[in-house]
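Reader: I would like to learn how to read aromatic contacts and a helix in a model. Please take me through one case.

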Amino acid sequence: MKSVADSGQLALLSNRKDTMAQMFLDRVAATPDREAFRYPADDGWKSVSWRSAEDLARRRAAGLIALGVEPEQRVAIASNTRFDWIECYLAVVLAAARQF
């Protein structure tokens, strides 16, 4: 296991890089300003970069942890198919890995 420090917190992750949290963070690091998602907005489509998606997910992950969510605890997301669902899913992944 490798110790990873992020935002003043330590998390234990395996040395494998195929966790969802690590794959997401690797993608953000590789192409932070490229478009990650696009969703319908009031007057067309809104584009979200990988950096913005990471920021949104980290803020939600911090909120989940503040509410007491622990690694490997079940979290339900009740939503229609929309960008908010993706954002919440990534927050759960980051919170589980303590990568916020």
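Author: Start with the rings: the structure holds five aromatic pairs. Rings of Phe, Tyr and Trp (its six-membered ring) pair if their centres lie within 6.5 Å; planes under 30 degrees apart count as stacked, over 60 as edge-to-face and the rest as tilted. One of the pairs is Phe 24 with Trp 50, tilted, at 6.2 Å centre to centre and 55° between the planes.

Reader: What does the pair of Phe 24 and Trp 50 tie together?

Author: Phe 24 lies in helix H1 and Trp 50 in helix H2, so the pair ties together parts that are 26 residues apart in sequence. Helices (H or I, at least four residues) and strands (E, at least two) are DSSP runs, numbered from the N terminus. A tilted pair also joins Phe 37 and Phe 83, 5.6 Å centre to centre with 55° between the planes. Phe 37 is in strand S3 and Phe 83 in helix H3, 46 residues apart.

Reader: Is Phe 83 buried or exposed?

Author: Buried means under 20% relative accessible area, exposed over 50%, partly exposed in between (1.4 Å probe, protein chains only). At 10% relative accessibility, Phe 83 counts as buried; Phe 37, at 19%, is buried too.

Reader: What should I know about the model itself?

Author: The model is predicted: local features need pLDDT of at least 70, side-chain atom pairs count only at pLDDT 80 or more, and totals for chains, interfaces and linings use all residues. Residues are numbered from 1 along each chain as its sequence is written, and side-chain values use heavy atoms, with hydrogens and water left out.
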